[in-house]
Amino acid sequence: MKRMFRREAYTIGRLYVNGVPFCDTLENTDRGLSHAMPLEELRRRKVDGKTAIPTGTYQITMRHKSPKFSKIDYYHNFCGGYMPRLLRVPGFEGVLIHRGNEEGATEGCLLVGDNTSKGGLSHSKDKWELLMNKYLLPAKENRIPITITIA
């Protein structure tokens, strides 16, 4: 994933799957965090619920049942509430990839869709379902490791 547009309240990026552009992403404000920074520095710069995760490469697990999303009928019915979760993100916990259209829905997570309006996404549900059905759920079923690099 490559961050492309950094604004005061949000960050727009592009998600690539196997090197091919797949969709756009929406995150919180990029505060210049890196996985290589000391944890104290990350915590000093981070604003809870309003900070994009540090750049770096992270494993994604599909074996985490989200306490929040598993209670929402859509996610419960679609995937049993098992959401793509980034592991070992320094200074962050519970970073998920999910659908949503505006910065207020990110809460430190990655949203997917098409960046068709300033600071927002459209077609998020469609892009999330395609990402899950075409790539993430088959990888889970076939025990294929999944990683994401955020640059």
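A search of the whole structure finds zero disulfides, a disulfide being a pair of cysteine sulfur atoms within 2.5 Å. This is a predicted model, in which local features need pLDDT of at least 70 and side-chain atom pairs count only at pLDDT 80 or more, while totals for chains, interfaces and linings use all residues. Residues are numbered from 1 along each chain as its sequence is written, and side-chain values use heavy atoms, with hydrogens and water left out.

- Cys23 is in no disulfide, and the nearest cysteine sulfur, that of Cys109, is 15 Å away.
- Cys23 has 4% relative accessibility and therefore counts as buried (under 20% relative accessible area, with a 1.4 Å probe and protein chains only).
- Cys109 is likewise in no disulfide; the nearest cysteine sulfur belongs to Cys79, 14 Å away.
- With a relative accessible area of 7%, Cys109 is buried.

**The sheet**

- Three strands form an open sheet in the order 5-4-9, with antiparallel pairing; strands are DSSP runs (E, at least two residues), numbered from the N terminus, and two of them pair if DSSP finds at least two bridges between them.
- Strand 5 (82-86) and strand 9 (146-150) stand at the edges with a single partner strand each, so one side of each has no neighbour in the sheet.
- Strand 4 (residues 56-65) pairs with strand 5 in the antiparallel sense over four bridges.
- His64 stands opposite Met83 in strand 5.

Note on methods:
Buried < 20%, exposed > 50% of the residue type's maximum accessible area, 1.4 Å probe, protein only.
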